[in-house]
Amino acid sequence: MAEIGKTKLDSGWLAARSTDIQLTGTQLTTTHPPAGPSSPWMEAVVPGTVLATLVKNKLVPDPFYGLENESILDIADAGREYYTFWFFRTFHCKLSGNQHVDLNFRAINYYAEVYLNGHKMVLPEGMFRRHSLDVTDVLHPDKQNLLAVLVHPPNHPGTIPPEGGQGGDHEIGKDIAAQYVEGWDWMAPIRDRNTGIWDEVSISVTGPVKIIDPHLVASFFDNYKRVYLHTTIELENRSSWVADCALNIQVSTELEEGICLVEHLQTQHLSISPSARVQYSFPELFFYKPNLWWPNGMGKQSLYNVSITVDVKGHGESDSWSHPFGFRKIESHIDNATGGRLFKVNGQPIFIRGGNWILSDGLLRLSKKRYKADIKFHADMNFNMIRCWGGGLAERPEFYDYCDIYGLLVWQEFWITGDCDGRGIPVSNPDGPLDHQLFLLCARDTVKLLRNHPSLALWVGGNEQTPPHDINMALKYDLRLHPDFAKLDENGQSIEDLSPILRDPSQYLDGTRIYIQGSMWDGFANGKGDFTDGPYEIQNPESFFKDDFYKYGFNPEVGSVGMPVAATIRATMPPEGWQIPLFKKLPDGYIEEVPNPIWEYHKYIPYSKPSSVHDQVLMYGTPKDLDDFCLKAQLVNYIQYRALLEGWTSRMWSKYTGVLIWKTQNPWTGLRGQFYDHLHDQTAGFYGCRSAAEPIHVQLNLATYFIEVVNTSSEKLSNVGIEASVWDLEGTCPYYKVYDKLSVPPKKTVPIVEMKYPKSKNPKAVYFLLLKLYNMSNYGILSRNFYWLHLSGGDYKLLEPYRSKKIPLKITSKVFITGSTYEIQMHVQNTSKKPDSLSLIYKNNFIARNGDGDYDTTAAEPVHSRMEEKHGVGVFQRICSRFSKEVEGAGLKVVQMNGADVGVAFFLHFSVHVSKKEHKAGEDTRILPVHYSDNYFSLVPGETMPITITFEVPAGVTPRVTLNGWNNHSDYTVY
């Protein structure tokens, strides 16, 4: 008898091109199954695409390396049959008499014929729909089952014009499929158009009654003290007799690892007629002051586990379902003061700082591990929203699982873009996809798939376009809000007619999230659908702070540069791609960058904008080679993106309600708009964002030179101080100010005082500014922000000779290991000068967020490292409770980097490598991904910085941690 539940079929697949197989599906699954991965059969990537399978088997080159994509046949030239593939595997499933088995495909692209043990079934068209086939009657319960799937590409794969373009020739817009696959200004075309079994395949075993698409909704009363959980499910009785069912719902929360508290357990009884499918709503469950789910930076992401089982009299357990659930309420309205859409979570306004997301990998090699790194990166940047762009995917449940865990709100668009659906050049598909009913079927199925995730914040009809009128009106009706979640004006009054009204909100398709018809409508951009998002290129950093930079309250897309580190260029391009751009001087004195053909193919954005922005890399001097160029590009990345977010945050609520950066990453080895590359190494822009998007932050307004304090929390900051120190290139501190006994209201950005060093007598042409916001009671650091600045009209070229200064450093490290996961605690100290004994701020004892994820500056104590807490057993055990092993006998490791100069240790950055005695020239030894608590940081004389480094290592690999910097040119091994 098979166990009730789901079994994934995510390995053991074979694949072959359909034209290489002369057998029918019936023959493949009866008399002539493939024996193994021998030609024409090969090991398949499932979930994944045909192209991913071909790359895995080295039958085509890596399309993301250099110009190799150009050597792969495009579907427009090869024909659809070329990318029509068979997928095959076997499985066992032993059933009892009353059990049923479904074969589930969570998504395929674009349609398929399925053969199981000689029986044919069909998976209809549509990239974003689930398929569930009852295969009980064709299953071999006592022997091997043979499964073959013939997958066909989209019907309209289109042709790529010689000039490329946004979505190629736009033909892909006629299908319900991802549109980016024809190429964009940030993406090369995907040759197979993502054909394949691209999402989870499974078999699920049930008894006579099956649970279908439960819907969980929480409603809130009395200022979130009284909360009700509403649950509606569908039940299907597959038997020929009346099923007497006991329905059980249980809500539990995890207290400690492995220990759960059951908050509710309820049983209801129901009889279901033979072969009937019914909807059932449980009586609501009452909670008093449950732990709420909050976005990143506002509080803890509290999750409960809701499980539902159905027991059938005479059979026992028939089916079960479970899902994490967060109690939270998301509201939004158009703000009168700014015209931007203002979001509230659990009644608290949230200033949106986030980014646009395409998808994790252009060959759809999606995995929980990769999703976890992706989403944690966004949380590490202190972002609170991700926009899933309409030309990409309806993202997968695993994506949302990690957004739930890390607190990222999600804006999910449907599959419409202005470029492919009526607003592109040339204009095409003005009525959108050919099959409107199929679009709506996919949309409704996507809603059911994702609606129980607390991170899902809103649905949007399309990117820079609305869906065709009939689709748009249907979505508005299907996604209408329940009265408890109705869109409110600023006086709290409902402003839309919601009839007909169902009493229980879980009986709605969604009912809890607003639907916006397009990304530039109704509080986004100018709200009217005009092209008022952007810009997308390099800017002068001070421009982001100026009144005329952006006119509207919420910008859904603003982008800039994204050059990765030199190691990534070498790992993803042949030597001819290591050539840096030519700097062509124009008659007006501006620079035009001319990149090599490989960089141009990978959509490089230059660091200059002729006629308005001087080349920002050349501000540091002409780069000598790839390493020099990429390092200087990181300096620019850091300044550019920190300024972008600080500029927006400077006008929080007075001019803006939010901003989403275009974009946070690339689904391939692109060279624009990214904070980490496709290999998962961060750019310095990542850490510029991390600094700027802190919930509590001190910053310099680059337009006014006023020091500002940002408090996005719900609590007033009291009795805090600011230390502002200027350091010159000789290592002296010509300007030092302390501003104490300050208070900052909640949800405000407050200008404090002008930083007047540039107006002082004989200011230095290039200087460093260190700002620290701290608790006066205990010197705990709330925010630390380090700038390198030049006088008006100047540049940073004096930093070039500064590289020769040798600044001594002391690095203390301690390692903790759990399985394959390393956590290394580092203390990095600039020992070029003893710290001022009158100030404890130099220790950088940062105040961490409480367990609820928010700051409590009145009660918080500075967080010390594990090393410092060695003898404080209680604190030590509390901080280290999730670490199973401290490295035996390792103790504290201390490394000294010698130097005789006094000054700022500038732009230090760690990296982690495989420890090898020998490696090939140019070999990429990096271990990726790595999570750093900070990187690309600088230390003034005497200052100490705690850094935590976390990563996983492959079996048998010993890691090596190196430190590099502006004053330390070669990788110096510190662990």
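## Helix pairs

A crossing is right-handed if the near helix is turned clockwise from the far one by less than a right angle, and left-handed if anticlockwise. The structure is a predicted model, in which local features need pLDDT of at least 70, side-chain atom pairs count only at pLDDT 80 or more, and totals for chains, interfaces and linings use all residues. Residues are numbered from 1 along each chain as its sequence is written, and side-chain values use heavy atoms, without hydrogens and water.

Helix H10 (residues 626-650) and helix H11 (residues 684-692) have axes that come within 7 Å and cross at roughly 25 degrees. H10 and H11 are therefore roughly parallel (angles under 35 degrees). Their crossing is right-handed. For helix H6 (residues 436-450) and helix H7 (residues 469-478), the axes come within 10 Å and cross at roughly 25 degrees. This makes H6 roughly parallel to H7, and H6 passes H7 in a right-handed crossing.

## Surface patch

Leu255, Ile259 and Leu261 form a nonpolar patch on the surface, with about 270 Å² of accessible area together. Patch residues have over 30% relative accessible area and no salt bridge, and nonpolar side chains are joined within 5 Å. Leucine 255 lies in strand S13 (residues 243-256). Leucine 255 counts as exposed because its relative accessibility is 55% (exposed means over 50%, buried under 20%, partly exposed in between, with a 1.4 Å probe and protein chains only).

## Tyrosine 975

Tyrosine 975 is in the segment after strand S47 (972-973). With a relative accessible area of 22%, tyrosine 975 is partly exposed. Its C-alpha atom is separated by 65 Å from that of serine 275, 700 residues apart along the chain.

Definitions and conventions
Patch = residues over 30% accessible without salt bridge, like charges linked within 9 Å, V, L, I, M, F, W, Y side chains within 5 Å. Areas by Shrake-Rupley, 256 points an atom, 1.4 Å probe, with all protein chains shown as cover. Salt bridge = Lys/Arg side-chain N within 4 Å of Asp/Glu carboxyl O. Helix = DSSP H or I, 4+ residues; strand = E, 2+ residues; numbered from the N terminus. Axes fitted to C-alpha atoms, helices over the stretch in contact; angles between N-to-C directions. Parallel < 35°, antiparallel > 145°, perpendicular 65-115°, else oblique.
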